[in-house]
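Please look at the sequence and the structure before reading on.

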4 protein chains.
Amino acid sequence: MRNLKLVVIGGGSSYTPELAEGLIKKHASLPIKEIVLADIGDGREKAGINGDLLKRMYRKAGLDVNVWVTLDRREALAGADFVVTQFRVGGLEARAKDESIPMKYDLIGQETTGPGGFAKALRTIPVILEMCRDIEELCPNAWLINFTNPSGIVTEAIHTHSQVKCIGLCNVPINMERAVMRQLGVDSTRLHCRFTGLNHLSFITAIYLDGRNIIKQILDSPAVKDEVVKNIPNVDWAGGLLDALGVIPSPYLRYFYFEKQMLAQEKENVRQGLGTRANEVMEIEKNLFALYKREDLDVKPEELDKRGGALYSEAAVSLMDSIWNNRSELHVVNTLNRGSITDLPAHSVIETNCMVNAEGAFPLANGPLPIQVRGLVQQVKAYEELTVAAAVTGDRSKALMALLNNPLVHDVETAQRLLNDLLEGHRQHLPLFFPEEGEG
Amino acid sequence: MRNLKLVVIGGGSSYTPELAEGLIKKHASLPIKEIVLADIGDGREKAGINGDLLKRMYRKAGLDVNVWVTLDRREALAGADFVVTQFRVGGLEARAKDESIPMKYDLIGQETTGPGGFAKALRTIPVILEMCRDIEELCPNAWLINFTNPSGIVTEAIHTHSQVKCIGLCNVPINMERAVMRQLGVDSTRLHCRFTGLNHLSFITAIYLDGRNIIKQILDSPAVKDEVVKNIPNVDWAGGLLDALGVIPSPYLRYFYFEKQMLAQEKENVRQGLGTRANEVMEIEKNLFALYKREDLDVKPEELDKRGGALYSEAAVSLMDSIWNNRSELHVVNTLNRGSITDLPAHSVIETNCMVNAEGAFPLANGPLPIQVRGLVQQVKAYEELTVAAAVTGDRSKALMALLNNPLVHDVETAQRLLNDLLEGHRQHLPLFFPEEGEG
Amino acid sequence: MRNLKLVVIGGGSSYTPELAEGLIKKHASLPIKEIVLADIGDGREKAGINGDLLKRMYRKAGLDVNVWVTLDRREALAGADFVVTQFRVGGLEARAKDESIPMKYDLIGQETTGPGGFAKALRTIPVILEMCRDIEELCPNAWLINFTNPSGIVTEAIHTHSQVKCIGLCNVPINMERAVMRQLGVDSTRLHCRFTGLNHLSFITAIYLDGRNIIKQILDSPAVKDEVVKNIPNVDWAGGLLDALGVIPSPYLRYFYFEKQMLAQEKENVRQGLGTRANEVMEIEKNLFALYKREDLDVKPEELDKRGGALYSEAAVSLMDSIWNNRSELHVVNTLNRGSITDLPAHSVIETNCMVNAEGAFPLANGPLPIQVRGLVQQVKAYEELTVAAAVTGDRSKALMALLNNPLVHDVETAQRLLNDLLEGHRQHLPLFFPEEGEG
Amino acid sequence: MRNLKLVVIGGGSSYTPELAEGLIKKHASLPIKEIVLADIGDGREKAGINGDLLKRMYRKAGLDVNVWVTLDRREALAGADFVVTQFRVGGLEARAKDESIPMKYDLIGQETTGPGGFAKALRTIPVILEMCRDIEELCPNAWLINFTNPSGIVTEAIHTHSQVKCIGLCNVPINMERAVMRQLGVDSTRLHCRFTGLNHLSFITAIYLDGRNIIKQILDSPAVKDEVVKNIPNVDWAGGLLDALGVIPSPYLRYFYFEKQMLAQEKENVRQGLGTRANEVMEIEKNLFALYKREDLDVKPEELDKRGGALYSEAAVSLMDSIWNNRSELHVVNTLNRGSITDLPAHSVIETNCMVNAEGAFPLANGPLPIQVRGLVQQVKAYEELTVAAAVTGDRSKALMALLNNPLVHDVETAQRLLNDLLEGHRQHLPLFFPEEGEG
C-alpha cells in the first residue's frame, strides 16, 4: 500500500483536531501514514499544541501515524499526496479589519462576502499561488483541497494561474443537505439535493426524496427557514420570498436579500459592545487551545462545535477518500464549470454536484440557471473574476472594478474610498499593491 | 409609388412636431402620403393641436400629406406601413408616481431605470401587446418603431409575445455618438462608434476615427465627461472610473455608478420644492402646447429642445428610411440578440449596432461583453426578463423577483413594501394584478 | 414495499430470458412482483414460449413473481413502474431489407448505422410515440428504458415529442469498458472509463486506472484492437489510426473509418451465400426458441450468448436499480445533452456518463468534443435530428435531407433513389409516408 | 493625403491586370500612389510583363502611379498599406498534382475542396505565415487581403498564428449575388443576399427583394440552377434538392452533393485527354501572357474573362475602399466567427456578411445554421481546423486526422495511402514534413 502523506497548511488552525477525528474514523479506507502540520511563525505555538493533541488522538485510536510540525513549507510538501489549506493570511486581526472597515461606509462587513471577502481574496491569492509553485515542483501529483476562504475565488485563481490539481471545498452545502434530511427524517439513501451556483452563493434547485423532486412542497416551510440556514444571526425569511425564488438559497444569501437588516444587526452588535465575529472567534479560540493543551485530552473536544465548521471534516475526508479510492462518487465542490452552467464562462469555478474520482471533480451538466437567481450569480462571478485579476497584478483599476461589481457596493465614490482604506489597512499583506515595500 | 401610411400612437405627445419636422426633411426618400395621430380620450385635445400644427407645417413645406386625428386605434391602424409608439400609460401623473414612490424607501426614483421604470413597464406592456393584436390583424406587414419607455423591456415583450415586426429605438446612442463627433470636430464620414449592452444600459466599446480605435485616448477626457453625458444633473466622473471601465457608459449608468449621489440630488430637489422631473415636464408641456396652438406657427418651435428628446426625430426617420428603401445601413437599435452578445440568451433584446434593411434589424456579432460591465448587464437583463413575465401574467411573485433583481433595490423587505405601493399607486392601470376590477 | 411492475414491449424477443436472469440475480434490491410480456400478433407464439420459460426460471429461483403474456398493450401498461422496449417493427424480414437495400447502391447495409438505421428509425418512431401516448395516460410515472435501435435517435424522438420519462440504453459502452478491464486485469473498483458522443458513435476519451488517465499508454495496443471491439467482422485498425485519434472509438465506428473495407466484406458475404446478419440471426433465433420450449429448461441457456447482446441484462437491471433505489450512481446512457457537450445543441440526445437516480439521468459536463471526432459527431447528430423530423411528419424532403446528411451516403442522386427504394420496401410500416393507405 | 501603397504578393499572376483595372476605376476614392508586384524567381518573367502592362494602363488612365517589380519581398512590404496575396506555392505544376493524385484513389481532385485543397493548404500556410512575420515587422498596420486558396483555411491560419490584420476574400459570393440580380432584373439598391457558412462552403439563406425575403419563391427555379452556379461543369440540380435544402448552395457544394457524378466527369475528361483544370489553365495563361506582352495593349484584355475570377477585382477594390475610407459597408468576407454562427467555435473563420470599416470586418449575428446544412459545415470546419494544425506542425497524425475528417475521403486506409502520395508528391514544398531536407 502506498505511503499516504497529508500536509495541512495552516496546521495551527483550531479546526485541525476536527480534521484528525475524521481521518481516524475513515482510516481503514484512507490509510494515512504521515501528517505534517505546516504553519508560519505566528502559528508556531498553536501548530505545536495541535501536533501534540493529534499524537494523543492517534495513540488512543491505536493507529501508527507519523505526526510532525514544521515552519518550513517546502520540507512539508515534498512527496505529499494531499495538501489541505486552512490558513488565514494576517490571522484574526486581519479578519477583524475585513469585518469592520466596510462598516465605516455603511456596508456589510463579512469575511467571505462583500468587501471583506474581497480584501481577504487580495491577501490570500498571491500566497496560495506561491504555494502552488512549490507544489508544482515538490509534489506535482498531490491534490490540493482548498478550504481557505473565499474558497470559490481562491480555487478559481489556482485553476487560472497554476497547474496544481485542486478542488475547493466548503461545509455549507453538506450542512444544508443534512438540515433537509433532519427535517424530513430521512437519510442519504433516500434523499439527494441538487446544488448550483458559486461558493457562498449556491442554491438547492431540487430535492429528490425517493426520486421525486419535492422541493416545491417544502420550499416555504418553517423547517427550511429554521434549519437549513444556521450559524448566522436570524432574519425573517417570511413573506413568500422562498416560494417566489423557487430554490433554497445558501444562508449566505442573507447578505444579498436582507442587506439592510444584516447591516443593522451588525451595527447593533457593535453598539452593544459585542464586536465583530472576529472578536468572538478570538475568544473561542483562546479557550479551545487552552483545552487542546491538556495532556488528558485525546479526542476532539465538544467545545469545538461552537467554532462553526460543522461537518468540515466529514466533507474533506470523504472527498479525499473518493479521490484516493477512485470511487466516482458525487460531492458538492468547487471546480471548473466546463459548460455545466451554460450561463457562465467555461473557465469559471462553480459550486455544484460533481463526480469525484482519482482524476478530479467533474460537474454534472446544469444547463441554464433559474431566471430568479441567474443575474445575481452572473454579477457575482464577474466580481470574482475581476478580483482574481486584481489580486495577481496589484492593479488598482482592476481592484476598483472588482469592488464596484460586488452587489453589496453601491457607488463609485464609496468604492474608491473603501478600496483605499482596505489596501492601507492590509498594506503589509499586499506586496503587489505596494511593490516598493517588503512584506511585513 | 406605394401610398406610405404612418400611424403615431400617442399622437398627442409634445414630441410629435419634432417627428414631423424630420419627416418633412426626408420626404424625398420617404414619401409619406398619410399621417394618423391616434390617442385616447385624455390626449384628445393635445392630439388635435398637434394635428393642426402638422397640417400647417406640411402646407408650408408645399407637400400634400393627409394628416388626421382619431381616438379609434383600429381605424388608424388599418393598412399602416409604419406605427410609431410614443404614448405613456397614465400620463405624467403616473410618471410623477414612478419618480416619487421609490424615494419613500430611499431608492432612486426614475421613470426608465430602477423601480420607476419597472412600474412603467408593468403598465405599458399589456397595453402595447393589445395594440400588437390589432396590428397582427389590421396591418401585419407594418413595422412598429417603439419609442415608449422602458424601450428595451417593451421591445422584448413584443418580440416574446407577438408576431409584430418591431424595432426599439432610443435617442441616447445617437446623442452619445454626436457628442463624441463634436468633441473631436469630425463628422460621421470619419467616425464610427461601437455600442453594446441594453437600452439605457449601453456602452461605447470602440471609437473608430479614420479606422483607428481611439477610445483609450479620450476615455477619461473632460470632453467625454462634459459632453457625452447630458440631460441629467451632474455627478463627478473623475477619479479614474472611465479609465478603469475601459468603455464609455450611457449617461443612465449614473444611477448605477453614483446611486448614492443621484439619490441625494433627487432628495435635495424635492426639499427645494423643485419636485420631480415629471413636474418640470408638465410645466414645459403646458407652455409648448400654448405655443403649438398659435395659428402663425408652421415650423417646429425651438422651445421643444428643452423637452429633451434631441435627435429623436432624426433617429426615427433615418431608421424608417433604411427599412423602406432597404438600405442595409447600420443603426444602433434594440432587437433580438440571436447570439450577438455571447453572454446573454439568444432571445434577449439588446441595444447594439445593427444592419437595418426592409427585413429588419440584424445585430453585428459582439462576442463576450467586457468583463468590467458583463455582470451588471447580465443582472439587468435578468431583471428585464422577469419584468416582462410579471407584466404579462400579473403574478406578484414574479413581480417581486423582478424588483429584487433590479440592482437599485437592495433587500427583500423593502422590495415587498415598495411593490405593494407601486401596485396600489397604479392600480387603475394594472388590471392583470387586480383582475376583479375593470380598468379605470 | 411497493408492488413493482415491469412491462416488456416486444416480450417475444429472444433476449427476454437474458433480462429475466438479471432480474432474478438482483431481486433483493429490485423486488419485481409482476412481469408482463406484451407483443403484437406476429410475436404471440414467441412471447408465449418466453412467458413459460420465465415462469420456470422464477419457480427455480424460489421467487413469487406474476409473469403473464398479452397482446393488449394498454392492458399491459396500466400502472407499470418500468417499461422496457425491445421490439422491432417489421421483424427480422424488415431488418433483412435494411441490410440489403443499401447494398444495391454500393452503400453499407447495417441495421443501426447508415441508411439501414435510417429506415429502421422511420418505422420505429411513430410506433414508439404511440406507445408514449399510452404511457402518458396509463402509467405517467413509469420509466421507459429504451433498447430499441437506433436507440439514440429513438430516445431523441421520445424526448422531443412526448412527456414520457425515458433513458436510452445500449450494451456497447459496458462491453467496451469490460473489455478494457479484462485486458488490464482489473475490476471496476480500480478502473473507470469516460465516454462521450452519440449512440453507436461514442468514444472512450479517458481511462482512469487508480485515478491516473492511462488511455495514451494503451490506445494503440493489440489489446484494444483485439478485445475492445467485438461482434463485428474484423478490419485492420493498424497504422496509427488509434494513436492519431487519441480516443477509443466504439466498434461501430468501423463503418465510418473503414467504409470501403466493410462494404467489401458485406458483399463478399453475400457472394458466398452467407447472406446478411439478419439471415444469420433468423437461424440463431429458430434454434433458441426450440430450446426455450423445452420443459426441462429453467435457466437462461448458454446458447443465447451467440445472439449478441452481451451484458444487455446487467446494464438494464443495474440502471433500473439505480433509479428505483435512488442510488445516484454513474451509468453510460442516452439522455438530453443540456449543455454537457458544448459542441451540440442542448436538446440533443447524447451517450455519456450520467448520474442516475430516481429523477433520471444527468450527464457529467463534457465541454468540447475532441477535435479529431467533433465534426463527425456533429454531422451524425444533424442526420439524427433530421431523421426524427422526417419520421414524425412523413415528409419526403426532410427524409432526403436526413439521408444526405448521413456520412455513409455520398450523393444526392443515389440518396433519392435509395430513399425511394427504402420507402417502397417498408411501405406497409410507414403510414405517415403513405397516408392514403391503412397500415398493413 | 496619405501615400497609399499596395503590394501584390504573387504579382506574376495572370489576374494582376484585372486588379489594376478595378484600382483605376476606383482611383478617386482609393488613391493609390505606389504598386509593388512581388514574386519569387519562377514568377520573375510574368511579374515583369504585368509590371509593364500596368504602367501602360495607368499611363492611358492619366494617373501618376509608381509601379515596380521586385523579387525581394521584404523590400516590397516596407510601409505597405494593403498587401494582396494571390500567389500559388508550386505553381500550376503543383495544382496539377492536387487535381490528379486524389483521382488515383477514385476521389475528387479539386484544388480548393477535398484532398487537393488539403495539400494546397499544407504548402501555403507555412509560406504565408512567414510573410506575416515580415508584415508584423515591416508594415504592422497594413491590411492583408488574402485571395490565396483555400482562402478560408489560410485566413484561419493567419488569424490563429499571427497578429496580422487580415480579411479573406473570394469571388464566389459576389458572383452568386450578381447572378440572382441578373435573373430578377434588379440591382443592388433593391436586392440583398444573406450568406452563411465557410469559404467554398457557403449558402444564401435569404434573398431580400425590396425587403421581402423571396428565397422560397426562386429556390428551385431554372434561373437559380442555370445561373447562380457557374464556372464548373454541369450536374443536374433537379429533383427537389434545392427545395429540400431551403437555401442556395455555392457551386462548390456540387463536390459534396454530387460527388459521384463530379468524379465520373473528371475521369471522363482525363479519358478524353482533356486533362485536369490545371492543364487547361496552363494553356490559357500561356496565351494571356503572350497578349499582355503586346506594347499596344493598355487595358485589361477581354480574354482574361475565360480565366475565371470574374468580379475578383471589384470585390477586392470595394473592400479596400470600405477599409480605407472607413465606410462601415457590408461585404461578404472571411473573418473570425466571434459568436456569429452559434454552431461553430468563436475562433473559427467563417464566410458571411460583415460590416467592414477601417478597423476590420465584423460579422452580422447569424445564430444557428439551418439544420439542413449544419452538420456538413461543422464537419468541414473540423477538417479545416485540423488542416491548419497539421500545416503549422508538420505532424503526420494530425494530417491523417484532417484528411479523414474531409467529407470527400471515406476510409482510413485510403487516407493513409493518399496522404503519403500527397506528401511525397509535394515533398519539396513541405519542409515541415521533411525537416531533414532543405526546401527545393
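How many residues of chain B are in contact with chain D? The model is a predicted one, and in this model 25 residues of chain B are in contact with 25 residues of chain D.

Three strands of chain B each supply at least two residues of the side that touches chain D: strand S9 (212-213), strand S12 (349-357) and strand S13 (360-363). By class, this side of chain B has 10 nonpolar, 10 polar and five charged residues.

Chain B can be superposed on chain D by a turn of 180° and a shift of 0.1 Å along the axis, with an RMSD of 0.0 Å. The two copies are thus related as by a two-fold rotation axis. Both copies use the same surface, for 100% of the contact residues of chain B recur in chain D. Among the residues of chain B, Leu364(B) comes closest to the rotation axis, its C-alpha atom lying at 2.0 Å.

## The contact between chains A and C

A further contact takes 25 residues from chain A and 26 residues from chain C. On the side of chain A that touches chain C, strand S9 (212-213), strand S12 (349-357) and strand S13 (360-363) of chain A each supply at least two residues. The residues on this side of chain A comprise 10 nonpolar, 10 polar and five charged ones.

## Chains that do not touch

Other pairs of chains remain apart. Chain B does not touch chain C, and their nearest C-alpha atoms are 13 Å apart. Likewise, chain A and chain D do not touch, and the nearest C-alpha atoms of these two chains are 13 Å apart.

## A hairpin in chain D

How do strand S12 (residues 349-357) and strand S13 (residues 360-363) of chain D pair, and over how many bridges? The two strands pair in the antiparallel sense, over four bridges. A hairpin joins S12(D) to S13(D) through two residues. Within this arrangement, Asn357(D) stands opposite Gly360(D) in S13(D).

As a general point, the side chains of a regular strand alternate between the two faces of the sheet.

## The fold of chain A

Chain A contains 17 helices and 13 strands. Its radius of gyration is 21 Å, close to the 22 Å that the globule rule gives for 440 residues, so chain A is as compact as a globular protein of that length. Along its principal axes, the C-alpha trace of chain A spans about 60 × 55 × 45 Å.

Of the 440 residues of chain A, 57% count as buried.

## One residue in detail: Ala76 of chain C

Ala76(C) belongs to helix H3 (residues 73-77) of chain C. Why does Ala76(C) count as buried? A residue is buried if 20 or more other C-beta atoms lie within 10 Å of its own, and Ala76(C) counts as buried because it has 25 C-beta neighbours inside 10 Å.

Leaving aside residues up to four places away in sequence, Ala76(C) touches Val7(C), Val36(C), Ala38(C) and Thr70(C). The C-alpha atoms of Ala76(C) and Ile35(C) are separated by 9.2 Å, although these residues are 41 residues apart along the chain.

Terms used:
Residues are numbered from 1 along each chain as its sequence is written. Chains are lettered from A and ligands numbered from 1 in the order in which they are written. This is a predicted model: local features need pLDDT of at least 70, side-chain atom pairs count only at pLDDT 80 or more; totals for chains, interfaces and linings use all residues. Two residues are in contact if their C-beta atoms, placed from the backbone, lie within 7 Å. Ala, Val, Leu, Ile, Met, Phe, Trp, Tyr, Cys and Pro count as nonpolar, Asp, Glu, Lys and Arg as charged, and the others, Gly among them, as polar. Copies are superposed by least squares on the C-alpha atoms of residues with pLDDT of at least 70 in both. A residue is buried if 20 or more other C-beta atoms lie within 10 Å of its own, exposed if 12 or fewer, and partly exposed in between; C-beta atoms are placed from the backbone. The radius of gyration is taken over C-alpha atoms; the globule rule is 2.2 Å times the number of residues to the power 0.38. Two strands pair if DSSP finds at least two bridges between them.
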